[in-house]
Amino acid sequence: MSAQETDMEPTSSAHARFPDSLSDLQEEGKNAINSPMSPALADVHPGDTLLEENEERTMIDPTSKEDPKFKELVKVLIDWINDVLVEERIIVKQLEEDLYDGQVLQKLLEKLADRKLNVAEVTQSEIGQKQKLQTVLEAVRDVLRPHGRVLQWNVDSIHGKNLVAILHLLVSLAVHFRAPIRLPENVSVQVVVVRKREGLLHSSHITEELTTTTEMIMGRFERDAFDTLFDHAPDKLSVVKKSLITFVNKHLNKLNLEVTELETQFADGVYLVLLMGLLEDYFVPLHNFYLTPDSFDQKVHNVAFAFELMLDGGLKKPKARPEDVVNLDLKSTLRVLYNLFTKYKHLE
């Protein structure tokens, strides 16, 4: 994709990658038909059958691509990307064709995480594209902080236009950044795994789960009083907010600080950290957090650090994620503050 392109047209890459191998492709296709497990390969594109001995390739079963929920997932993610990147004048039409080289993923992550990646803006060579992808995916890992969880994508799968890997990546980003979209639940696809052995192609099928339920996707816990409050008693919400504002100001006023908006003033984590120090009666060293955070990551660091201080103070782990608070999710912020209120409301 060049810097001037604003409307990315999907292109077929089989002939571009293998210009002199048409007879080889046809021969391997013929072998596939005669192989022991050939029926599953009837719809495989010839370019996808050009494998080295013992090499493996995966592709979505064509019938799965026609599943309405799968189509909806793809459409929702494409619309979300285009909404996020509307100011960049980028229009994504086909995920595997438009995201494989790292250019769109770079712009998407920079926009979502509010950070600039140190990568070349445009690169045409395969080596350059993979180097760029490596940098982008390392930044994704830093943001997601998987903590031992195996990520279901890598440079080769994304650059190889593996749609399953691309979808796993996009779903993880959408969940992490609390995208204002509704992902369809329980989407799974049949994946054909093709391996070349002794010159013949063999295939098998596996089921790949792309999404589960909304509660599992968004990491929600069992419903609590705040779910009920938001759903059935919004008129009482102002009373709860007023009580919590009174509580936090009772302590933050000691530092000549005052809160008027719960959802916004705790979003960078600074007041949360300072509040924990006041409630537990200790000074929080300034090198442990960002006093003036200017990026999404720094704000998440602050809130996560405040959560650690809460655990040290004997509180249960907050139900909210740090990212929820940073993203101005009022219910999450109220849950965190209510936990503090419950324990420390009798402090003078």
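In this predicted model, Asn162 touches Thr58 and Ser157, when residues up to four places away in sequence are not counted. Asn162 belongs to the loop that joins helix H8 (155-159) to helix H9 (163-176). Because its relative accessibility is 18%, and buried means under 20%, Asn162 counts as buried. The table lists two distances that involve this residue.

| Atoms concerned | Distance |
|---|---|
| C-alpha of Asn162 and C-alpha of Thr58 | 7.5 Å |
| Polar side-chain atom of Asn162 and backbone nitrogen of Ala165 | 3.1 Å |

Along the chain, Asn162 and Thr58 are 104 residues apart.

The sheet is considered next. Three strands form an open sheet in the order S1-S2-S3, and their pairing is antiparallel. Strand S1 (56-60) and strand S3 (200-209) each have a single partner strand, so they stand at the edges and one side of each has no neighbour in the sheet. On average, neighbouring strands of this sheet are turned by 25 degrees against each other, direction ignored. S1 pairs with strand S2 (residues 188-197) over 5 bridges in the antiparallel sense. Opposite Ile60 stands Val191 in S2. Helix H9 lies across S1, S2 and S3, and runs at about 20 degrees to S3.

In soluble globular proteins, nonpolar side chains tend to be buried together. The largest nonpolar core has 89 residues, of which Trp80, Ile81, Leu95, Phe266 and Leu340 touch the most other members. H9 gives the most to this core, with 11 residues. Apart from this core lies another, of 5 residues, among them Leu51, Val192, Val194 and Leu201. Ile81 touches several residues beyond four places away in sequence, including Val92, Leu99 and Leu170.

How values were computed
Residues are numbered from 1 along each chain as its sequence is written. This is a predicted model: local features need pLDDT of at least 70, side-chain atom pairs count only at pLDDT 80 or more; totals for chains, interfaces and linings use all residues. Side-chain values use heavy atoms; hydrogens and water are left out. Helices (H or I, at least four residues) and strands (E, at least two) are DSSP runs, numbered from the N terminus. Buried means under 20% relative accessible area, exposed over 50%, partly exposed in between (1.4 Å probe, protein chains only). Contact means heavy atoms within 4.5 Å. A polar contact is a pair of N or O atoms within 3.5 Å; within protein, one must be able to donate a hydrogen and the other to accept it, and residues adjacent in sequence count only if both atoms are side-chain atoms. A nonpolar core is a set of buried Ala, Val, Leu, Ile, Met, Phe, Trp, Tyr and Cys residues joined through side-chain atoms within 4.5 Å. Two strands pair if DSSP finds at least two bridges between them. Axes are lines fitted to C-alpha atoms, for helices over the stretch in contact, and angles run from 0 to 180 degrees between N-to-C directions.
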